[in-house]
Amino acid sequence: MPALTRRTLLKASAATAASFALGAGLAARPGTAAPLTLDARFGAARLVEGGAETRVMTWALSDAPSASGDAPSASGAPPILRMKQGQPFAAKLLNSLDEPTTVHWHGLRIPNAMDGVPEMTQAYVYPGDSFDYAFTPPDAGTFWYHPHCNTLTQMGHGMTGVIVVENPSDPVFDAEIVLNLRDWRLGADGGFIAPFKPRDAARGGTYGTVRTANWQRAPQFEAPAGGLVRLRIAATDVTRIYTVGIDAPAAVLALDSNALTLPSVLETLDLGPGQRADIVVRMPDGEGAIVTLGNLRGSNPWTIATLVARGSSLKRDLREAGALAANPIARPDIAGARRIPLDVTATAEHKAGTSLCGSLGYTFWAINKVPWPGDTPDPIAPLAELKLGQSYVFQIANRTPHAHPIHLHGLTFHVLSSNKRSVLPPPTDTILLQPDEQAELALVADNPGDWMLHCHIIEHQKTGMSSYLRVV
Ligand code: C2O
Ligand code: CU
């Protein structure tokens, strides 16, 4: 077989890609502006094989009559939403639940009015009502969507879905598999148990009892033998931090939707709630050979999903996978930047005030000493007011013995330095702060509005580890 250049790989891949692109068996759709309807509703799902059904919360997709190509998701999981970088996207949220909801498009740098935070960027969408979302994603990559109201319940009960924003010049791989990783807090009867324990909320968070990928336990996907598979992994659990490992040659292409300048060999990778990784895996040559994607965190590693090699080997070389294109993220002017401290701390425990939108009734955490009780219209000021177009450096310090995935809406930041890492990640919207980590995060405040900044361990967010920045 002649040595493959990147160009021949792209050409050769196009034919095989079609039959494997939907390996996850989930819905895909072209990113046109024809509005689709996202119907937030209850559903039934069998999350434990042979077990009872669970009454979940999810979204069903229905298209305008002109659009087509969607397959219903067999598991009942939220559809994968496919968009195209730089092209308009529109969706009507219809609320068929029995409580208010919204959609937040995690990681997308879109106008504030589309950000989906009730009381802050839009009104609640009440049962029976709808809301029209329309925006143009500026960046390509793997993102996700979820409500921003009563989230421990709504996300915990199923409402976390993956978004793929395609760049038309993305390399074509031999297969693409999208994995939505999350847990469920279920009892033996398949019903939901208490969403959290206060003593765990005051520590690392409360874990689920059932672990899934795409709402299945350790699902298996087929991929061409000897082929290069793009895995798009989104960690959408409300609590769990994964340490992902894979027993085949693999390289990281992008983290949190932003490309690494050079794909780097995957050893293990920590992914906190809210984070995503794009990984290319070189499948084994032998028909039937199995690759295992595992969670290596903690003392009992377990299987997240497996890939089984099919067909005669395509004989690809992992090194054929080049870097993905960089997203158009502004470079901050570090020398002229104002510096803002962000202290992530525990706080004296006390009862929180009541909240319309899902307060957990406790306060354990704070940012810059102010605990924010969740999604309430609480009259507290933004943590900082930023001037549109100016550069800022946040000196963030995790003064707790727990890891916290800190997420900023609407803006992407560069990690300039950290006392805990030798390799810095590409620009991101979510940094998994390690215990006692101190880091410098730089950004250009180029998107006006009020942008939430919070821990994505939802129990932490809802018990005080939440705030917002105002860009004017
Ligand atoms: Cu993933 Cu405030 O959001
Ligand atoms: Cu946290």
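Predicted model: local features only at pLDDT ≥ 70, side-chain atom pairs only at ≥ 80, totals over all residues.

Biologist: Fine. Which protein atoms are donors of the copper ion (ligand 2)?

Modeller: The donors are His404 through ND1, Cys455 through SG and His460 through ND1. They lie 2.0 to 2.1 Å from the copper ion.

Biologist: What spacing do those donors follow along the chain?

Modeller: The pattern is H-x50-C-x4-H. His404 and Cys455 are 51 residues apart, so that pair links distant parts of the chain. His404 belongs to strand E24 (residues 404-408), and Cys455 to strand E28 (residues 449-455).

Biologist: Are His404 and Cys455 buried or exposed?

Modeller: Both His404 and Cys455 are buried.

Biologist: New topic. How many aromatic pairs are there?

Modeller: The count is 13 aromatic pairs. Take Phe196 and Tyr362: their ring centres are 6.2 Å apart and their planes meet at 85°. Over 60 degrees counts as edge-to-face, so this pair is edge-to-face.

Biologist: Where do Phe196 and Tyr362 lie?

Modeller: Phe196 is in the loop between strand E9 (175-184) and helix H3 (198-201). Tyr362 is in the loop between strand E20 (338-350) and strand E21 (363-367). The pair therefore ties together parts that are 166 residues apart in sequence.

Biologist: What about Tyr362 and Phe364, how are those rings arranged?

Modeller: Their centres are 5.6 Å apart and their planes are at 15°. Planes under 30 degrees apart count as stacked, so Tyr362 and Phe364 are stacked.

Biologist: Which residues form an aromatic cluster?

Modeller: One cluster is made of Trp59, Phe89, Trp105, Phe131, Tyr133, Phe135 and Tyr145.

Biologist: Which charged residues sit over rings?

Modeller: Arg55 is one of them: its charged end sits over the ring of Phe42, 3.7 Å from the ring centre. Arg182 lies over the face of Trp184, at 4.0 Å from the ring centre.

Biologist: What lines the largest cavity?

Modeller: It has 16 lining residues. Gly156, Trp184, Arg185, Pro195 and Val238 lie nearest its centre. Helix H2 (151-156) and E9 each give two or more residues to that lining. E9 gives the largest share, 3 residues. By class, the lining has 7 nonpolar, 5 polar and 4 charged residues.

Biologist: And how much space is in the largest pocket?

Modeller: About 1,000 Å³. The largest pocket is lined by 37 residues. Leu255, Val423, Leu424, Pro425 and Pro426 lie nearest its centre.

Biologist: Which strands supply at least two residues of that pocket lining?

Modeller: They are E14 (250-255), E15 (258-265), E16 (268-271), E25 (414-418) and E26 (430-433). The largest share, 6 residues, comes from E15.

Biologist: Last one. How do the pocket lining residues divide by class?

Modeller: The lining of the largest pocket has 20 nonpolar, 10 polar and 7 charged residues.

Terms used: Residues numbered from 1 in each chain as written. Chains lettered and ligands numbered in written order. Heavy atoms only, no water. Phe/Tyr/Trp six-rings, centres within 6.5 Å; stacked < 30°, edge-to-face > 60°. Helix = DSSP H or I, 4+ residues; strand = E, 2+ residues; numbered from the N terminus. Lys NZ or Arg CZ within 6 Å of the ring centre and 35° of its normal. Donors = N, O, S within 2.8 Å, 3.2 Å for Na, K, Ca; no water. Buried < 20%, exposed > 50% of the residue type's maximum accessible area, 1.4 Å probe, protein only. 1 Å grid on protein atoms, 1.4 Å probe; cavity = no way out; pocket = protein on both sides within 12 Å on 5 of 7 lines; lining within 4 Å. Nonpolar A, V, L, I, M, F, W, Y, C, P; charged D, E, K, R; others polar. Points joined across faces, edges and corners; volume = space filled by probe spheres on them.
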